[in-house]
Amino acid sequence: MKVERKHGEPTATFKGASLAALLIGVSAYLLGLYNAAMELNEKGYYFAILIFGLYSSVSLQKAVRDKDEGIPVTNVYYGISWFALIISILLMAIGLYNAGSIVLSEKGFYGMAFVLSIFATITVQKNVRDTQKAREID
């Protein structure tokens, strides 16, 4: 049975792949953090950076998309969205660079899981928005 897609709506495969990438990235990051041999305060730092990065990436994607579609976005909010995402990435990089208790392979793992999660969050947010817009048109 073929499901009719609305014009502009992402395919079910793309939606599924995006959601799978998000779940894999976040799950791998959290599982690695859970099993890591680091102090609880270090784990809290890396957890907070992940949550901050995920939220700021969704916020930036929304602000950029709103601006592109002519929906009013204040320059302050737009700037803060960019600033928050950049800061979350910098905090992750600085934290990993200065982490003496983590071997290089673990640093790479956390960095890649973080980047995958950020990218997948943006993609999932885009899919949600595209689906909603396509369904409102018809």
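A salt bridge here is a side-chain nitrogen of Lys or Arg within 4 Å of a carboxyl oxygen of Asp or Glu. By that count, this predicted model holds nine salt bridges. We'll get to several of them, but start with the helices.

**Stop 1: the core**

Select Y29, M38, Y46, M92, Y110 and F114. These residues have the most contacts inside the largest nonpolar core, which has 22 residues. Now colour α1 (12–35), α2 (40–68), α3 (75–98) and α4 (104–137): each supplies at least two residues of this core. The biggest giver is α4, with six residues.

Centre on F114 and show what surrounds it. Leaving aside residues up to four places away in sequence, F114 touches Y29, I49, L50, G53, S88, I89 and M92.

**Stop 2: along α1 and α3**

Pick α1 next. Its 24 residues reach 34 Å from first C-alpha to last, close to the 34 Å expected at 1.5 Å a residue. Show S18, L22, G25, V26, Y29, G32 and L33, the buried residues of α1. What hides them? The cover over the buried residues of α1 includes α2, α3 and α4.

Then switch to α3. This helix has 24 residues too, and reaches 34 Å between its first and last C-alpha, close to the expected 34 Å. Its buried residues are S81, A84, L85, S88, M92, G95 and L96, and their cover includes α1, α2 and α4.

**Stop 3**

Which helix gives the largest share of the nonpolar patch? That's α3, with four residues. Click on I94, which is found in α3: with 46% relative accessibility, I94 counts as partly exposed.

**Stop 3: the charged network**

Back to the salt bridges. Side chains of opposite charge can pair when their charged atoms come close.

Begin with K62 and D66, whose side chains meet in a salt bridge at 2.6 Å, N to O. Both partners sit in α2, four residues apart, about one turn of the helix.

Move on to R65 and D130, and draw the N to O distance between the side chains: 2.3 Å, a salt bridge. R65 lies in α2 and D130 in α4, so this pair ties together parts that are 65 residues apart in sequence. R65 counts as buried because its relative accessibility is 14%, under the 20% cut-off. D130 is buried as well, at 9%. Show the contacts of R65 while you're here: not counting residues up to four places away in sequence, they are K126, R129, D130 and K133.

Finish on K133 and E69. Their closest N and O atoms are 3.5 Å apart, in another salt bridge. K133 lies in α4 and E69 in the loop between α2 and α3, so the pair ties together parts that are 64 residues apart in sequence. Check the accessibility of both ends: K133 counts as partly exposed at 39%, and E69 counts as partly exposed at 28%.

How values were computed: Residues numbered from 1 in each chain as written. Predicted model: local features only at pLDDT ≥ 70, side-chain atom pairs only at ≥ 80, totals over all residues. Heavy atoms only, no water. Core = buried A, V, L, I, M, F, W, Y, C linked by side-chain atoms within 4.5 Å. Buried < 20%, exposed > 50% of the residue type's maximum accessible area, 1.4 Å probe, protein only. Contact = heavy atoms within 4.5 Å. Expected span 1.5 Å × (residues − 1).
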